[in-house]
Amino acid sequence: MQQTILIIGACGQIGTELTLLLREQHGADAVIASDIRQGNDGLMDSGPFEILDATDYDALEEVVAYYGVDTVYLMAAMLSATAEKFPERAWDLNMNSLFNVLNLGKEKKVDRIFWPSSIAVFGPNTPKTKTPQHTIMEPSTVYGISKQSGERWCEYYFEKYGVDVRSIRYPGLVSWKTMPGGGTTDYAVEIYHEALSKGSYDCFLDSDTELPMMFMEDAIRATLTLMDTASEHIKIRSSYNLAAMSFTPSDIVKSIQKKLPDFTVSYTSDSRQKIADSWPNSIDDSFARNDWGWAPEYDLERTTKEMLQNLR
C-alpha cells in the first residue's frame with residue numbers, strides 16, 4: 001500500500017540519509033522533507049520540501065493535511081552536548097514536537113509514527129555492560145531526560161489511544177554523508193575527517209571511553225525494518241535497545257592507522273566526557289533481534305574502510 005511520508009528534521013545527520021533512501025523506495029513525491037532550515041543540495045533537489053517548525057502544531061497539521069500524510073518520522077531534536085547549553089530550549093523542542101506528532105496520531109490524522117530515542121536515557125546507575133532492555137534509567141542530561149520522558153509518553157499514547165508509535169534507542173552514529181550536530185559521540189565522525197584533512201586529531205573524550213556505536217547504514221536499515229514490521233510483532237512501545245559495536249577512541253585510532261600509519265591523536269577531554277561517562281559501554285538488544293529480526297552488518301573495521309574510502 002502506497003505511503004505518504006513526512007520527515008520532520010530532514011536536514012539532520014539521520015534525517016538526510018533517511019529521506020533520500022525513503023525517496024528511492026517510495027518515489028520522490030511520496031516523501032515530504034521538512035525542517036526549520038534548508039538542507040544540502042542533494043536533499044533539496046530530490047523531492048518536496050517544507051520549512052516547518054515542529055513545535056507549531058497548526059503548521060504541522062496543515063502540512064499533514066495538504067499532502068495526505070499517513071506516516072511521520074520525527075527526527076528533529078536538540079542533541080546531548082548542545083542541549084546542556086540550552087536546557088529549556090532543548091526541552092521545548094524535544095518534548096513539544098513529540099506531543100504534536102503523538103496528538104496527530106491520537107486524532108487519527110496519521111497512521112504510524114517513528115520517534116528516535118537514545119542510549120542517553122540511561123544514567124550513571126544503569127548497568128554499563130550489556131545494558132538490558134528493562135533496567136534502571138536515571139539520565140543525568142537534559143537530552144536523556146527528554147528522551148526518557150518521551151519513551152513514557154509514546155507507550156502511554158499506544159496503550160491509551162492506540163497510537164502506532166515505534167522507537168529505537170540509537171547508539172552513537174557514524175556517517176560520511178552528513179556531519180553530526182552537537183552530540184557526545186561526534187568525535188567518531190570528526191576523527192575521520194581530520195585524519196584525512198590534517199593527519200591529526202584532538203579528541204574531546206579520553207582514549208579509553210568505550211561507547212556503543214553504529215554505522216549509519218545499519219541505523220537506517222534498522223529504522224525501516226522496524227517500521228515495515230507488522231504491528232503485532234512490535235512488543236515494546238517505549239523504545240527498543242539497538243546495538244552493533246562498541247569501541248573507544250583508542251580503538252578507532254588503531255583502526256585508522258592501519259590505513260593511515262602517520263595519523264596521530266591527542267586527548268583533551270571537555271564537558272562531553274562527563275556525559276559519556278554516564279552512558280553504557282555495551283547494549284543488550286536481544287528484544288529487537290527476537291521481535292523483528294535485527295542484526296547489524298558493520299563492525300569497526302568495515303566502518304573505517306567505508307568512512308575513509310567515501311570521504312576521500
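Predicted model: local features only at pLDDT ≥ 70, side-chain atom pairs only at ≥ 80, totals over all residues.

Reader: Ok, which residues line the second largest pocket?

Author: The lining is made of Glu17, Leu20, Leu21, Glu24, Lys177, Glu217, Ile220, Arg221, Glu297 and Tyr298. Two elements, α1 and α8 (216-228), each give two or more residues to that lining.

Reader: And where does the largest share of that lining come from?

Author: From α1, with four residues.

Reader: Now the largest pocket. How much space lies in there?

Author: About 860 Å³. There are 42 lining residues, and Met75, Ala77, Met78, Leu79 and Gly181 are the closest to the centre of the pocket.

Reader: Which elements give two or more residues to that lining?

Author: Helices α1 (13-26), α4 (80-85), α5 (87-106) and α6 (142-161), plus strands β6 (117-118) and β9 (172-174).

Reader: What about the classes in the lining of the largest pocket?

Author: The count is 21 nonpolar, 15 polar and six charged residues.

Reader: Switching to aromatics. How many aromatic pairs does the structure hold?

Author: It holds 12. Take Phe99 and Trp153: their ring centres are 4.9 Å apart and the planes are at 65°, so that pair counts as edge-to-face.

Reader: Which parts does that pair tie together?

Author: Phe99 is in helix α5 and Trp153 is in helix α6, so the pair connects parts that are 54 residues apart in sequence. Trp153 itself counts as partly exposed because its relative accessibility is 33%.

Reader: What about Phe114 and Tyr170, how are their planes set?

Author: Their planes are at 55° and the ring centres lie 6.3 Å apart, so this pair is tilted. Phe114 belongs to strand β5 (residues 112-114) and Tyr170 to strand β8 (residues 168-170), so here the linked parts are 56 residues apart in sequence.

Reader: Are those two buried or exposed?

Author: Phe114 counts as buried, at 0% relative accessibility. Tyr170 is buried as well, at 5%.

Reader: What does the side chain of Ser118 have a polar atom 2.9 Å from?

Author: The backbone nitrogen of Ala120.

Reader: And which residues is Ser118 in contact with, leaving aside its neighbours within four places in sequence?

Author: Tyr143, Lys147, Ile168, Arg169 and Tyr170. That last one is the Tyr170 from the tilted pair with Phe114.

Reader: Nice link. Now Leu311, where is that found?

Author: In helix α12 (residues 300-311). Leu311 is partly exposed, with 23% relative accessible area.

Reader: What does Leu311 touch, not counting residues up to four places away in sequence?

Author: Trp176, Tyr192, His193 and Leu196. Leu311 and Trp176 are 135 residues apart in sequence, yet their C-alpha atoms are 6.3 Å apart in space.

Reader: Last topic, backbone angles. What's the phi of Lys108?

Author: It's positive, about 60°, although Lys108 is not a glycine. Lys108 is in the loop between α5 and β5, and is exposed with a relative accessible area of 57%.

Reader: And Lys130, what's phi there?

Author: Near 50°, also a positive value in a residue other than glycine. Lys130 lies in the loop between β6 and α6.

Reader: Is Lys130 buried or partly exposed?

Author: Partly exposed, with a relative accessible area of 49%. The cut-off for exposed is over 50%, so Lys130 stays in the partly exposed class.

Key:
Residues numbered from 1 in each chain as written. Heavy atoms only, no water. 1 Å grid on protein atoms, 1.4 Å probe; cavity = no way out; pocket = protein on both sides within 12 Å on 5 of 7 lines; lining within 4 Å. Points joined across faces, edges and corners; volume = space filled by probe spheres on them. Nonpolar A, V, L, I, M, F, W, Y, C, P; charged D, E, K, R; others polar. Polar contact = N/O pair within 3.5 Å; in protein donor to acceptor, adjacent residues only side chain to side chain. Contact = heavy atoms within 4.5 Å. Phe/Tyr/Trp six-rings, centres within 6.5 Å; stacked < 30°, edge-to-face > 60°. Buried < 20%, exposed > 50% of the residue type's maximum accessible area, 1.4 Å probe, protein only.
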